[in-house]
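Please look over the sequence and the model below before reading on.

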Amino acid sequence: MGHARYVRIAVGTDLRHAVIEHDSSGERLRLLDGAPWLGGRPTANTTPFDARTPMLAPVTPSKIVAVGSNYRAHILEMGRPIPAEPVLFLKPPSSIVGSGDAIVRPEGYERTDFEGELGVVVGQRCRHVAAADALSYVFGYTIVNDVTVRDLQKRDVQFTRAKGFDTFCPVGPCVVLANGSDGVIDPGKLHLQTRVNGEVKQDSSTSDLLFDVPTLIAFISGVMTLEPGDVISTGTPSGVGPIGPGDRVEIEISGIGVLVNRVVAPG
């Protein structure tokens, strides 16, 4: 029942997509024959699932399109002007890690920050999509941590180095189907909370997005073709702050789950 949750796991040497199933004995994973946004279907094979099951990042996108300055309070927090249109940048797919993986804080920089964000997973190729039709191109939603070296961001002006390090894009723990048996998820009514070592740092709602998800899809698809499995990271609310080795970062979005990562030093 409810909105299907899709994950990605290692089965022996194979990396497989799966859907979480529920029955009287608990939860299990039904393996798929491919990525669900590419038409992957359930197979006859299942595997046990519990809190100890190692989770990979649930997506392997061709690109991660991220949005800067998209919550008014965060814009004021960073001392930036309110943008007239969405501010876009790209994070490399090589920066993706899953829930439970480590964020490696690079040495030699003053400050590395967490940024909790709603991630939108594209379900079908789209180009020049109207905002009114945009949500029909969404497969589902996930959680993204747009990790950033803040002093590099200020030094470089553009964001590639500051946000492009390996491990700087935790995604997960799952992708929740946008349109499930409980109805359609409204991406403008989701609660987002980020905790560092159990202390709440961000506590907001996607209702505070400056540019909502349909507007973002329409704007981005007017610039570049979005492919199935691509991720749009929609921006972060106020409360961003530094993280360092030993910290535990938890980002929770209602209806999706909790993305958990520890921070480590290079080693």
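In this predicted model, Cys 126 counts as buried, because its relative accessibility is 1%. The sulfur of Cys 126 lies 18 Å from the closest cysteine sulfur, which belongs to Cys 169, and that is too far for a bond.

**Cysteines**
- A disulfide is a covalent bond between the sulfur atoms of two cysteines.
- Cys 169 takes part in no disulfide either, since the nearest cysteine sulfur, that of Cys 174, is 15 Å away, and a pair counts as a disulfide when the two sulfur atoms are within 2.5 Å.
- Cys 169 is also buried, with a relative accessible area of 1%.
- When the whole structure is searched, zero disulfides are found.

**Nonpolar cores**
- The largest nonpolar core has 47 residues, and those with the most contacts inside it are Val 7, Tyr 141 and Ile 256.
- Helix H4, which covers residues 213-221, gives this core its largest share, namely four residues.
- A second, separate core has 17 residues, including Leu 32 and Val 231.
- Leaving aside residues up to four places away in sequence, Val 7 touches several residues, among them Ile 20, Leu 29, Met 55 and Cys 174.

**Overall fold**
- The secondary structure of the protein consists of four helices and 21 strands.
- Of the 267 residues, 52% count as buried.
- The radius of gyration is 18 Å, which agrees with the value near 18 Å that a compact globule of 267 residues would have.
- Among contacts between residues at least 6 apart in sequence, 70% join residues at least 24 apart.

Notes: Residues are numbered from 1 along each chain as its sequence is written. This is a predicted model: local features need pLDDT of at least 70, side-chain atom pairs count only at pLDDT 80 or more; totals for chains, interfaces and linings use all residues. Side-chain values use heavy atoms; hydrogens and water are left out. A nonpolar core is a set of buried Ala, Val, Leu, Ile, Met, Phe, Trp, Tyr and Cys residues joined through side-chain atoms within 4.5 Å. Buried means under 20% relative accessible area, exposed over 50%, partly exposed in between (1.4 Å probe, protein chains only). Helices (H or I, at least four residues) and strands (E, at least two) are DSSP runs, numbered from the N terminus. Contact means heavy atoms within 4.5 Å. The radius of gyration is taken over C-alpha atoms; the globule rule is 2.2 Å times the number of residues to the power 0.38.
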